[in-house]
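Please have the sequence and the model open while reading.

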Amino acid sequence: MRFSFYKQLNAMDCGPTCLRMIAKHYGKHYNASTLRSRAGFNRGGVSMLGISETAEQIGFRTRSAQINFDKLLVAPVPAVLHWNKNHFVVLVDLTKRKAIIADPGRGMITYTKKEFLRYWISNRDEEFGEVGTVLLLEPTAAFYEEEGEKEHKLRWSVVAQYLKLSKKQFFLVFVSLIVTSMMQLILPFLTKSMVDVGINTHNLQFITIVLIAQLTLTLSSTVIGFIRSRLQLNISNVTNISILSDFLIKLTRLPVSYFETHQPGDTMQRIGDNRQIQSFLTGQTMSTLFSFFNFIVYATILITFNIQLFIAFAIGNFAYFGWVQLFMGIRRKLNYQSFELSSKANSATIELVQGMQEIRLNNAEQLKRWEWENIQVNVFKLGYKSMDYGQIQTIGGLFINQAKDIFISFMVAQMVVTGQLTFGAMLAVQYIIGSLSGPVSQFIGLSQVIQDAKISMERLNEVHGLEDEEPADKNLIAHLPENKDIIFDKLSFTYPGAGNEPVIEDINLIIPQGKVTAIVGVSGSGKTTLLKLLLKIYDQYDGEIKVGGSNFKNLSASFWRRQCGSVLQDGFIFNDTIAKNIAVGFEEIDKDRLLQSCRMANILTFIENLPNGFNTLLGGGGVGVSQGQKQRLLIARAVYKEPEYLFFDEATNALDANNEKEIVEHLNDFFTGRTVVVVAHRLSTVKNADKIVVLHQGKIAEEGTHKELTALKGRYYELVKNQLELGN
């Protein structure tokens, strides 16, 4: 039975993709997004436990084990293997000498026993010797009772809609292709006439006329080609901008949690996929259509000259096409490996350069250099391997092509000698065969391009198929109720992933309107997660969050965030001016508000001392800022919005005592009448809060004012006693 291979759509997507392949092997299709969601996908991928639990949800019986090679030989396949200690693959077939592996990142690969053991073995057992980890899966009756999912077909029609934006240019390009083809079509007949009529009858005037006609046709074709190239460039640019713009619009509508669980490289890959599709539609496809039109025309002419010559040409090219196809699978696997190794090599080089200070301080120069050199050796070996296969393919293809051309030349010469063709017809036939060879090469190259475009299209379909954060068919609330208290009712939240413990568990809490509520606790107690829930970054929680009497899930996310100012630990500084970094999201900048927000954040003096003041560029293209200055800019950004709600997550932890004191004093005035939630470790930041909530292991341990909690001498007291020097 042929095994259905799927390529992983994300950098850390190997686990769900393995399960997807196995489900397909047993006759059920599941979309990648479904299995990824069920398996608890995050930036770190999924665990073996996550794969196992998801497999059981869709009807498999699973068993995870660490076994040796001999036991694996008799295990049922396909099975999931933990590979190279950081990856998952599917074992498709195993014998004593070789293993067939479906690697989601690289394709179908056959390994020798030695190679297989090097990647699979992860431990040594006293009883069984060298062992590796395997997840055995067998379908139960429940698996076949499940309906599975409809396969997302490649929606080329949707992407092709973008071409309608350039209908006029397409029409002109099409006309130019036809005109150019007709001009090219006349050339072999002119050559035949010049030889058979002009030369044979010694008619110099006729020869001159024919040569002038050939020159005119060539110049006309060249001019038309220039015009067509400009039209195609215009079509390409319009299509590219439209596709990328719509993709970015889709990204801005996705839930914020999407970016929490996906690597930035995955999103960048999809931007590359958009360009791949655009290039395929406006470049390769158009040129291939042109070549196909030419091929039909010239093939028809060749048949009219002599059908035997066409048959010989067709057989030779079928043989050439078959030879190239033999190497397509091999080249595809090598391309996957090359992509993976190139990515590692680039990352290692960047790490070596950017981390040189730490490398030198820890005397790790030689070790890091060896690691880099080992990767380069693998790149070098793969390059040689690719070259070997490339040379074999080229030599074989060249031999087949040359043999075809020599055989056709012999046939043509024989026909001229026997009188079946004139000398002029022979030259025309050679011109026609030369014109047919170009389209054939394009057809062969197109098969690989189509394969790449299919993978790109599948990745894009996955993103476009995700539900928007605010679907158009949902009537979401876009106004605040009169009572603006935030109420947690039995709130619990667990991060995606099998075996994860709840980060927040059974919380009942009221954050009063117009008051300052501080949340404190040791690291990992759930403080930051609570803020992310309040900012609607996550919405898959148990229990309820309410704003007044309104269910938080029914509140429009975009509207809610307009009411909120936030300073998170991983706040971002854009490559833009200071003014635009503070007034993010505002087209017009209010100078008075800008100055006031900078005073509040105690950063106005720093900005005014810069040569360009508020017009100073920040980020990679401009001035660098310290962590403390970055935090003050983020505070100014939050204040500039003049929001109803403020959420601060360790907003002053990088500031010195003097800066923090001034900012806290300024903010206390700004907080008046606003609902504020402050997460902090420093007592100086939270002691004046109207309410302090102490979290411990995801639960509320204590609640009250600074004075009340200090008197309790409980967890809050333990957290702050050293800062206050309270003693025992």
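A salt bridge here is a side-chain nitrogen of Lys or Arg within 4 Å of a carboxyl oxygen of Asp or Glu. The model is predicted, with local features needing pLDDT of at least 70 and side-chain atom pairs counting only at pLDDT 80 or more, while totals for chains, interfaces and linings use all residues. Residues are numbered from 1 along each chain as its sequence is written, and side-chain values use heavy atoms, with hydrogens and water left out.

**Salt bridges**

- The whole structure holds nine salt bridges, one of them between K250 and D468, with the closest N and O atoms 2.5 Å apart.
- This pair links distant parts of the chain, 218 residues apart: K250 sits in helix α9 (residues 204-253), and D468 in the loop between α15 (423-464) and β8 (486-493).
- Helices (H or I, at least four residues) and strands (E, at least two) are DSSP runs, numbered from the N terminus.
- K250 is buried at 11% relative accessibility, whereas D468 is partly exposed at 22%; buried means under 20% relative accessible area, exposed over 50%, and partly exposed in between (1.4 Å probe, protein chains only).
- K661 and E665 form another salt bridge, their closest N and O atoms being 2.9 Å apart.
- About one helical turn separates K661 and E665, because they are four residues apart in helix α22 (residues 657-670).
- K661 is exposed at 54%, and E665 is partly exposed at 42%.
- K691 and E703 also meet through their side chains in a salt bridge, at 3.1 Å from N to O.
- K691 is in strand β16 (residues 691-696) and E703 in strand β17 (residues 699-704), 12 residues apart.
- K691 is buried, at 16% relative accessible area, while E703 is partly exposed, at 39%.

**Helix packing**

- Helix α19 (residues 591-600) packs against helix α21 (residues 627-640) at about 130 degrees, with the axes 8 Å apart.
- Axes are lines fitted to C-alpha atoms, for helices over the stretch in contact, and angles run from 0 to 180 degrees between N-to-C directions.
- The angle makes α19 oblique to α21; under 35 degrees counts as roughly parallel, over 145 as roughly antiparallel, 65 to 115 as roughly perpendicular, and the rest as oblique.

**Helix α8 and the surface**

- F171, L172, V175 and V179 make a nonpolar surface patch of about 320 Å².
- Patches consist of residues with over 30% relative accessible area and no salt bridge, with like charges joined within 9 Å and nonpolar side chains (Val, Leu, Ile, Met, Phe, Trp, Tyr) within 5 Å.
- Accessible areas come from the Shrake-Rupley method with a 1.4 Å probe; for residues, only the protein chains shown count as cover.
- V179 lies in helix α8 (residues 167-199) and is partly exposed, at 33%.
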